[in-house]
Amino acid sequence: MKPGNQTSSVSEFLLLGLSEQPGQQPLLFGIFLSMYLVTVVGNAVIILAIGSDPHLHTPMYFFLANFSLTDLCLSSTTVPRMLVNIHVCRKTITYAGCLSQIHFFLWFIGLDVFLLAVMAYDRLVAICYPLHYNLVMSPRCCFLLVVMSFALAHSHSLTHTVLLAQLSFCSDNIIPHFFCELLPLLKLSCSNTYANQCVLTYWGGALTILIPSLIIISYVRIVAAIVKVPSASGKWKAFSTCSSHLSAVCLFYMSAIGVYFVPSTADSTGKDRVAAVMYAVVTPMLNPFIYSLRNRDMKRALGRLLSGRALQSS
Ligand SMILES: *[C@@H]1O[C@H](CO)[C@@H](O)[C@H](O)[C@H]1NC(C)=O
């Protein structure tokens with residue numbers, strides 16, 4: 001049922017990877033394998049620590065566990081494929097493989113965006129309306145917020161995937177990137193990409209302008225509320241519950257904004273690839289550290305988890 005299959009004469013794409021020099025491949029393989037392992041272990045430990053500590057069964061940490069899971073999946077859509085391609089010295093990816101990679105990549109990156117906004121809302125309610133917190137952030141409401149993030153992110157990626165499947169690819173099948181990305185693929189197509197560009201503009205605008213604005217507005221109100229707290233220790237306590245979320249927001253947007261959704265100029269593939277490494281590989285790897293190093297509750301839960309493990313294995 002894929003309309004693209006009838007028209008496309010290209011059945012495979014060539015992913016050029018990060019470097020075309022054979023000498024650099026073992027180094028790249030080593031670096032990306034280590035980064036991937038750190039990402040998987042780091043995020044899995046965060047999810048386990050939150051799940052195993054009843055003190056952390058609060059909305060903020062449930063969202064965080066979802067965020068870690070999303071990061072883990074995000075990394076898994078691109079890095080393992082790239083490692084396999086380096087390992088077997090083959091650069092091809094099938095048409096279907098390429099489309100599904102784009103689908104899942106866009107889904108998880110969109111989910112990251114929505115979950116960061118949900119977490120900002122959670123902090124807003126906790127700090128500005130503490131008395132209503134339990135009412136507003138009921139388990140039902142948290143669940144709905146997560147499901148809505150899933151659905152919105154999925155409709156974004158599905159729209160792009162369906163539109164991509166309509167495009168034909170005639171002769172050019174070389175993607176100067178290390179995974180199938182939307183923009184390089186749109187450039188390769190020999191059909192009219194007007195509809196894709198429209199979706200890119202509107203959804204891209206929502207994800208890079210609207211949602212960050214909502215996060216900024218939340219933080220303006222949070223800061224205004226914190227300034228009114230009389231004691232310095234109270235101020236610090238209120239702020240410390242936001243600091244790790246704020247760091248994650250900064251890290252995510254600094255690496256993603258202006259690179260992914262904003263159309264790139266002709267000669268910027270090198271820059272694009274470095275930026276993609278940042279938001280597809282490095283950010284998901286760093287998030288667990290941001291959360292665990294800056295957060296006392298998280299550190300305590302990690303300590304308990306790790307010592308529990310040590311006791312069981314000895
Ligand atoms: C994601 O969030 C929901 C709702 O808060 C929660 O029930 C669920 O356990 C979370 N998922 C993970 C992996 O922690």
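Two rings of Phe, Tyr or Trp (its six-membered ring) make a pair if their centres lie within 6.5 Å. All the views below come from a predicted model.

**View 1. A cluster of aromatic rings.** Ring pairs tie Phe32, Phe105, Phe178, Phe179 and Tyr279 together into a cluster.

**View 2. Phe105 and Tyr279, a tilted pair.** Here the ring centres of Phe105 and Tyr279 sit 6.2 Å apart and the planes meet at 45°, so the pair counts as tilted. The pair bridges distant parts of the chain: Phe105 belongs to helix α4 (residues 95-128) and Tyr279 to helix α10 (residues 269-293), 174 residues apart. Phe105 comes out at 1% relative accessibility, so it is buried. Tyr279 also has a value of 1% relative accessibility and therefore counts as buried.

**View 3. Trp107 and Phe108, a stacked pair.** With 5.6 Å from centre to centre and 5° between the planes, Trp107 and Phe108 form a stacked aromatic pair. Trp107 is classed as buried because its relative accessibility is 17%, and the cut-off for that label is under 20%. Phe108 has 12% relative accessibility, so it gets the buried label too.

**View 4. Cys89, a positive phi in a loop.** Now for a bit of backbone: Cys89 has a positive phi of about 55°, although it isn't a glycine. You'll find Cys89 in the loop between α3 (59-87) and β2 (92-94). Is this residue buried or exposed? At 70% relative accessibility, Cys89 counts as exposed, because that label needs over 50%.

Terms used
Residues are numbered from 1 along each chain as its sequence is written. This is a predicted model: local features need pLDDT of at least 70, side-chain atom pairs count only at pLDDT 80 or more; totals for chains, interfaces and linings use all residues. Side-chain values use heavy atoms; hydrogens and water are left out. Rings of Phe, Tyr and Trp (its six-membered ring) pair if their centres lie within 6.5 Å; planes under 30 degrees apart count as stacked, over 60 as edge-to-face and the rest as tilted. Helices (H or I, at least four residues) and strands (E, at least two) are DSSP runs, numbered from the N terminus. Buried means under 20% relative accessible area, exposed over 50%, partly exposed in between (1.4 Å probe, protein chains only).
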